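Reader: Hi! Could you walk me through a pocket and a strand in this one?
Author: Happy to, let's bring it up.

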Amino acid sequence: MPTSHPFSSLDHAYMAQALRLAEKGLYSTSPNPRVGCVIVRDGKVVGSGWHERAGQPHAEINALEAAGPAARGATVYITLEPCSHHGRTPPCAEALIEAGVAKVIVAMQDPNPLVAGRGHALLKEAGIPVQAGLLEAEASALNIGFVSRMTRNRPWVRVKIAASLDGKTALNNGASQWITGEAARRDGHRFRARSCAILTGIGTVLADNPELSVRHVDTSRQPLRAVVDSRLDIPLDARLLHGAGELIFTANASEGKILALRDMGAHPIVLPDSDTGHRVDLEGMMRALADFEVNEVLVEAGRMLNGALIAAGLVDELVIYLAPCLIGDNAQGMLKLTELTDLSEKRKLEIHDMRRVGEDIRLIARFSDDRIP
């Protein structure tokens, strides 16, 4: 939790440097959080590092290794509370204690219940002062999906839409390539690269046969692919089935199709809703994605699934690319939502970011009633 301790301009500068280091793991640390660390002694940075990949050393360990003996008596700036438990790697709090650091400044407390304050407690018990809350909002934003999974037991969900200025995503015959320009498509792949999973609907699979891979961004990791397919209609030769553990959420328990998908390396998950039994339980799907350690989900789907997720209150953020063109009334819209009878029923959004990307406009909006603790 933030403390009343004042932070100097130098403290802000060193933590900002740690955050820039953490951002280097934007595409690679999943399912772990993105963390950076800077070690300063006598006004000089003597070591720095970031967490690069799950199973590899954490940011603090990399920074301590870079600092060597100079870490003794130093101040350590970390974007996330040091871990205190044995996971894939040993506890970082113990490593800091053994290194003899003099002080630790942390941006935010770890929301992981296995850590949550215990790392700070270990340091304080060893006589090492801890200050927290420096650039906390920035650190939390960098790990918004990890925070969501730890506090809400579901991922942070983004819906990405490419549309014309009149809000159309495809012609009535389904043709949609390409409404937006190349710069917007490349930018969309950055959102793919940072996501743990890309979610689509069976309608999109049957109409477009997408691969849903990251191609326009350098990344060492491809996100998991997931499909909402109530009737289990997915063709076994669908391009997104690569034998890489794809998740197929369905309400159909057809044993033959399920076995065939499993033989291909996919994971069919039968999750019928409690109302009809014929549709997928979308809330249960989000909990299942959290169980698969998915922090951020990028939804690239059609109006049916987009609308169903919003109606269920499961969408946190809209990423909309608007192209400077008009398609017409009979074209397909962005979302299928029930008709409102009073404007007081409208769902409010807050514009989080708006900028030009090539010839198009990218708008990021969040539901104003959606808050992560």
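**A pocket and a strand**

Author: This is a predicted model. In the second largest pocket, α7 gives the largest share of the lining, with four residues.

Reader: Nice. How much space lies in the second largest pocket?
Author: About 600 Å³. Among the 21 residues lining the second largest pocket, Glu-23, Ala-141, Arg-158, Arg-194 and His-352 are the closest to its centre.

Reader: Which elements each supply at least two residues of that lining?
Author: They are the helices α1 (9-23), α5 (136-142) and α7 (182-194), along with the strands β15 (349-357) and β16 (360-367).

Reader: And how does the lining split by class?
Author: The lining of the second largest pocket has twelve charged residues, eight nonpolar and one polar.

Reader: How many bridges join β6 to β12?
Author: Four, and β6 (residues 156-164) runs parallel to β12. Within that pairing, Val-157 stands opposite Val-297.

Reader: What about β8 and β12, in which sense do they pair?
Author: Strand β8 (residues 197-201) pairs with β12 in the parallel sense, over three bridges.

Reader: And which residue of β12 does Ala-197 stand opposite?
Author: Ala-197 stands opposite Val-297.

How values were computed: Residues are numbered from 1 along each chain as its sequence is written. This is a predicted model: local features need pLDDT of at least 70, side-chain atom pairs count only at pLDDT 80 or more; totals for chains, interfaces and linings use all residues. Side-chain values use heavy atoms; hydrogens and water are left out. Two strands pair if DSSP finds at least two bridges between them. On a 1 Å grid over the protein atoms alone, a cavity is a set of points where a 1.4 Å probe fits but cannot get out, and a pocket is an open set with protein on both sides within 12 Å along at least five of seven lines; lining residues have an atom within 4 Å of a point. Grid points are joined across faces, edges and corners, and a volume is the space filled by probe spheres set on the points. Ala, Val, Leu, Ile, Met, Phe, Trp, Tyr, Cys and Pro count as nonpolar, Asp, Glu, Lys and Arg as charged, and the others, Gly among them, as polar.
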